[in-house]
Amino acid sequence: MTISEILRQKECAVIFGEVSDFTENYLCEYTKNLNRKSRPDNFLSAKTDIADPVWGHIALSGLEVCVIDSPVVQRLRRIKQLGFADMVYSCADFSRFAHTIGVLAVTSQMSGVIKSRLYERCDTNIDFPKILRMAAIFHDTGHMFFSHVSESFFTYKSFPRSGEVQKTIDFFNKSTSAKAAFHEIISVMIVQSKAVRTLFETLKHLSAQSGTEFYNCSADKLVEYISCFIIGVACDKNMLPYSSILNGSVDADKLDYLFRDSLATGIPISVDISRLIQKLETVEITDFTPPPIWQNTDMLYDTENSIKLIMALKFSAQRIFWQIVMARSIMYETVYMHQKVITAKIMFQNALAEFFKDKDLKFDEILEMTDDFFNSQNLKPFEKTAKIFKDIQNRNLYKRVAIFSYETVEVADYAAFIDSLSDEFLSKINAEYKSLFAKADDAFFAFVNAFVPKTSDSTFNIPIEYGNNTYKTASQIFRSSPLPYLQTQDLSKRRYLVTDAARRDFAYIALERVLAREYGASLSQEACICSKYSAEHIHALKRTL
């Protein structure tokens, strides 16, 4: 079954139809204008470049420029790459478009090295590095407003269609053997839409007229390959060595966002990226199980043609791999999972819950919304949503009340305790707070998770080549070459309690009382440090109560 056929199954068809309506609306007029006679004859052969602060000048072909200039891709200029990270890092407000161009540059470098490693072992005339560049252009087109901030909301019960979204994700991933996020599935739907196919057919026709080389495959096959690259799953053995370049263990997407986000936030990381790319290799995989979308199953028999090659790192690049792992850990801890960034995300998702309440919005309408949609004029009819978003814009964020960790919560089984906390627990804190503070209205309480990627992260699945076409996965090597920093970090059970309550000191005392009454637990003096109140102030207030 092809990806095109999967998207037409009942589990995906509704959302796919809505996404197709969106692309039709965005591309119909643009594609028609490509045919206008006023265009110069050589517009598809004319090359240009984009100046990028991370990767320098990035060369683009005329075909790539035509796709990049389309409204579907230009829309990414109006979506922030890092959501609300600019609440903490003032320059972290660049667009997802900038990231897309960077991914294209890194993809080109990586695929060029893999192509040189294949020698005569690839029996195809399809230019996969060229197709990968186009896949890089489309890979994030499925992102919606504020990027990952909104993406996670669509699977929460607060979104009226969350069950349908989750069903689509589960079916698509099961049918492709992928681990695609929702925005990646939307990106695939955009690529598979009739409007994008028409765009490619138009560019192919114009290329033939002007004598410019198009992709040496049909538009349908081009769309299928691009879709496979976006989700990181191969549909035939010839694309297999390239299949993890855009979406894999160590891929162009990660390499660009690490360096770009580091530059924007000023958080220093050190990775020898040029050496890493030059140390890419291909190895023969012996236990390959073809995914359901695998097309040339006749090549799976024990013949010379059945050799399957995948991307790997040379053993000499092992230390650079650890640099990437450390860099990701640092960026997650200091930027992506910073408590202020996550707090702003929680606030915005509360605003979205109000905005989408009792609405049956389709995804063609949702995709039309970019970050600039959320302004005072558009939100005027939605009072609560407008107030929360205004607070975010003015950086009037929920504040921390206490930190929950193994060191600050004295309870028999901390891990079991933290896993048992629910909305009911938060409601009890709110009720206790109102009983303590007579002037209090309902206050909002929420937990903010603190998280650092563990050693089971997907990054550790990349093969490390040991010579003579043998390899081990990074996770196997890691067990014998531990990185103490990653092994000693146990933040998966750490939480911050945040609130919009007017008196956080009263909220802290309410928390203490609920913990003692419901769990027989107590807090150490260090628990209140993050609330900016001293232990002495808390004790004095408790005496007055």
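This is a predicted model: local features need pLDDT of at least 70, side-chain atom pairs count only at pLDDT 80 or more; totals for chains, interfaces and linings use all residues.
## Helix 6, an enclosed helix

The buried residues of helix 6 are Phe128, Pro129, Lys130, Ile131, Leu132, Arg133, Met134, Ala135, Ala136, Ile137 and Phe138. Lys130 and Arg133 are on that list of buried residues too.

## The nonpolar cores

The largest nonpolar core has 163 residues, and the members that touch the most others are Phe145 and Phe200. Helix 15, covering residues 339-356, gives the most to this core, with 11 residues. There is also a second, separate core of 33 residues, which includes Leu421, Leu426, Phe445 and Tyr508.

What does Phe145 touch beyond its neighbours within four places in sequence? Its contacts are Ile79, Ser150, Phe154, Phe348, Leu352, Phe356, Ile366, Met369, Thr370, Asp371 and Phe374.

Phe200 belongs to helix 10, residues 194-210. Is Phe200 buried or exposed? With 0% relative accessibility, against a cut-off of under 20% for burial, Phe200 counts as buried. Phe200 and Leu63 are 137 residues apart in sequence, yet their C-alpha atoms are 9.5 Å apart in space.

## Thr343 in helix 15

Thr343 sits in helix 15. This threonine is buried, with a relative accessible area of 0%. Not counting residues up to four places away in sequence, Thr343 touches Leu397, Tyr398, Val448 and Val498.

## The second largest pocket

Which elements supply at least two residues each to the lining? They are strand 2 (56-60), helix 5 and helix 6 (128-138). Strand 2 provides the largest share, 4 residues. By residue class, the lining divides into 7 nonpolar, 5 polar and 5 charged.

## Two serines with positive phi

Ser147 has a positive phi of about 55° although it is not a glycine. Ser147 is placed in the loop between helix 6 and helix 7 (148-153). With a relative accessible area of 1%, Ser147 is buried.

Ser177 also has a positive phi, near 65°, and is likewise a residue other than glycine. The loop that holds Ser177 runs between helix 8 (162-176) and helix 9 (182-192). What is the relative accessible area of Ser177? The value is 46%, and Ser177 is therefore partly exposed, as it lies between the 20% and 50% cut-offs.

## Charged residues in loops and helices

Asp86 lies in the loop between helix 4 (71-74) and helix 5 (96-118). The side chains of Asp86 and Lys80 are joined by a polar contact of 2.8 Å. Beyond neighbours within four places in sequence, Asp86 is in contact with Lys80, Ala92 and Asp93.

Arg503 is found in the loop between strand 10 (494-499) and helix 22 (504-519). At 28% relative accessibility, Arg503 counts as partly exposed. The side chain of Arg503 makes a polar contact of 2.7 Å with the side chain of Asp505. Setting aside neighbours within four places in sequence, Arg503 is in contact with Tyr433 and Phe437. Ala443 is 60 residues from Arg503 along the chain, and their C-alpha atoms are separated by 9.9 Å.

Arg319 lies in helix 14, residues 318-336. This arginine is exposed, with a relative accessible area of 55%. Arg319 and Tyr242 are 77 residues apart along the chain, with 23 Å separating their C-alpha atoms.

Methods
Residues are numbered from 1 along each chain as its sequence is written. Side-chain values use heavy atoms; hydrogens and water are left out. A polar contact is a pair of N or O atoms within 3.5 Å; within protein, one must be able to donate a hydrogen and the other to accept it, and residues adjacent in sequence count only if both atoms are side-chain atoms. Contact means heavy atoms within 4.5 Å. A nonpolar core is a set of buried Ala, Val, Leu, Ile, Met, Phe, Trp, Tyr and Cys residues joined through side-chain atoms within 4.5 Å. Buried means under 20% relative accessible area, exposed over 50%, partly exposed in between (1.4 Å probe, protein chains only). Ala, Val, Leu, Ile, Met, Phe, Trp, Tyr, Cys and Pro count as nonpolar, Asp, Glu, Lys and Arg as charged, and the others, Gly among them, as polar.
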